[in-house]
Amino acid sequence: ARVYLLAHCCLLTSVLVTSQEPPKNKRPKEPGENKIKPSNKKVKPKLPKIKDRDPPDAAPKTQSIMMQVMEKGRFQKPAATLSLTAGQTLELRCKGNQIGWSYPAYLDTFKDSRLSVKQHERYGQLILVNSTAADTGEFSCWLQLCHGYVCRKDEARTGSTYIFFTEKGELFVPSPSYFDVVYLSPDRQAVVPCRVTVLSAKVTLHREFPAKEIPANGTDIMYDVKRSSFSIRTASSQLCLQLCMPLSGPLASALLGLQLHLLPVPSGPPSTTIMASSNKVRGGDDISVLCTVLGEPDVEVEFRWIYPGQKGERPVTIQDTWRLIHRGLGHTTRISQSVINVEDFETIDAGYYVCTAQNLRGQTTVATTVEFS
């Protein structure tokens, strides 16, 4: 109402100004009085305005190079988010003679034959046929600047879109496992994937025991609408077992939810266990003692051993190894192990086997006894 009144007032003012009559006391003009008279007044010439140029060190403007191929050969620039029906064919093109691509890890993990990526003379092409809800995610491309065998990404020429592939009965993006593991560390942010296939769907976190909704408060727990994920900055014990649940509405009855195990990871020395192949060994037998650390994928661990025959320079072999175990898409655990092997067991080998595991946050020492029988 306020905007309308202001507009009406402006219109009224304009009418009053344009319809104003000249004052009555003004004398009538003589014939020829309106003719232009010569004037010696100096006028400064107007110089054309020059547009300000960007400084030479200004960052280049980002140019989207991605196009979506529509029906009947039409092209259009994709929006930041797209919603497509599962089963549709997706074709994206990015202009350039050297194009790099990124797409949901699901398609790479299983080397899916439905996906085709080709480089043509003037553009890169990505085609995905028989799309499913599991293909939901971000598709992006960029121009590569190559000198010989070395290539780098041109940050000014990129393109991306997040695509929701909607499939009946699949509210959440399918996962290889119904259970998903997320590690919570107090010194870093964890992402809880409650990824949905419907752009309009809204989800919330629920604690199972006792049942309680964990709302996003914008500080410790934040919700990313685009990627349907929660960012958690706390390792609270209240978040042990969660369910991603749809809010009220017709989608709420689609399924019960996606179950997540949120495991707090202590920011400190490694959590270490030790185990001997046998704690009672007969003379002449071989034994091994294993020291294990289960932790985050990018945290390295070093091991040190103290054993009974060390002072007598008893020959032993020590082998350190580590490997990554994938627990669902995007979630990985690092297992670091050290094993000490003793051959031809003697009385000098009986006693305490002590293992010390160390990372950048501290060290942990564990021990086990091996007896001579």
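## Basis of the report

A disulfide is taken here as a pair of cysteine sulfur atoms within 2.5 Å. The model is predicted, so local features need pLDDT of at least 70 and side-chain atom pairs count only at pLDDT 80 or more, while totals for chains, interfaces and linings use all residues. Residues are numbered from 1 along each chain as its sequence is written, and side-chain values use heavy atoms, with hydrogens and water left out.

## Overall composition

The protein chain has two helices and 26 strands. Helices (H or I, at least four residues) and strands (E, at least two) are DSSP runs, numbered from the N terminus. Of the 373 residues in the protein chain, 34% are buried. Buried stands for under 20% relative accessible area, exposed for over 50%, and partly exposed for values in between, with a 1.4 Å probe and protein chains only.

The accessible surface of the protein chain comes to about 25000 Å², and 55% of that surface belongs to carbon and sulfur atoms. Accessible areas come from the Shrake-Rupley method with a 1.4 Å probe; for residues, only the protein chains shown count as cover. Among contacts (heavy atoms within 4.5 Å) between residues at least 6 apart in sequence, 66% join residues at least 24 apart.

## Disulfides

The structure holds three disulfides. One of them is formed by cysteine 94 and cysteine 141, with the sulfur atoms 2.0 Å apart. The torsion about the S-S bond of this pair is about -90°, so the disulfide is left-handed. Cysteine 94 lies in strand β5 (residues 90-95) and cysteine 141 in strand β9 (residues 137-147), so the link ties together parts that are 47 residues apart in sequence. Cysteine 94 and cysteine 141 are both buried.

Cysteine 146 is joined to cysteine 151 by a disulfide with an S to S distance of 1.9 Å. The value about the S-S bond is 110°, and the link of cysteine 146 and cysteine 151 is right-handed. Cysteine 146 is partly exposed at a relative accessible area of 26%, and cysteine 151 is partly exposed at 40%.

Cysteine 291 and cysteine 355 also form a disulfide, and their sulfur atoms are 2.0 Å apart. The torsion about the S-S bond of cysteine 291 and cysteine 355 is about -90°, so this disulfide is left-handed. The pair links distant parts of the chain, with cysteine 291 in strand β21 (residues 287-295) and cysteine 355 in strand β25 (residues 351-359), 64 residues apart. Cysteine 291 is buried at 0% relative accessibility, and cysteine 355 is buried with a relative accessible area of 0%.

## The open sheet of five strands

Five strands form an open sheet in the order β3-β2-β5-β8-β7, and the pairing is antiparallel. Two strands pair if DSSP finds at least two bridges between them. The edge strands are β3 (75-76) and β7 (115-119), each of which pairs on one side only. Strand β2 (residues 66-69) and β3 are antiparallel and pair over two bridges. Within this pairing, valine 69 stands opposite phenylalanine 75 in β3. Strand β5 of the sheet is also the strand that carries cysteine 94.

Strand β21, which holds cysteine 291, runs antiparallel to β19, and five bridges join the two. Alanine 276 stands opposite valine 289 in β21. In a regular strand the side chains alternate between the two faces of the sheet.

Strand β25, which holds cysteine 355, pairs with β26 in the antiparallel sense over nine bridges. β25 and β26 form a hairpin, and two residues lie between them. Glutamine 358 stands opposite glutamine 363 in β26. Strand β26 (residues 362-372) also runs parallel to strand β20 (residues 280-281), to which two bridges join it. There, valine 281 stands opposite phenylalanine 372 in β26.

## Leucine 205

Leucine 205 is found in strand β13 (residues 203-207). Leucine 205 counts as buried, at 0% relative accessibility. Its C-alpha atom is separated by 8.3 Å from that of alanine 216, eleven residues apart along the chain.
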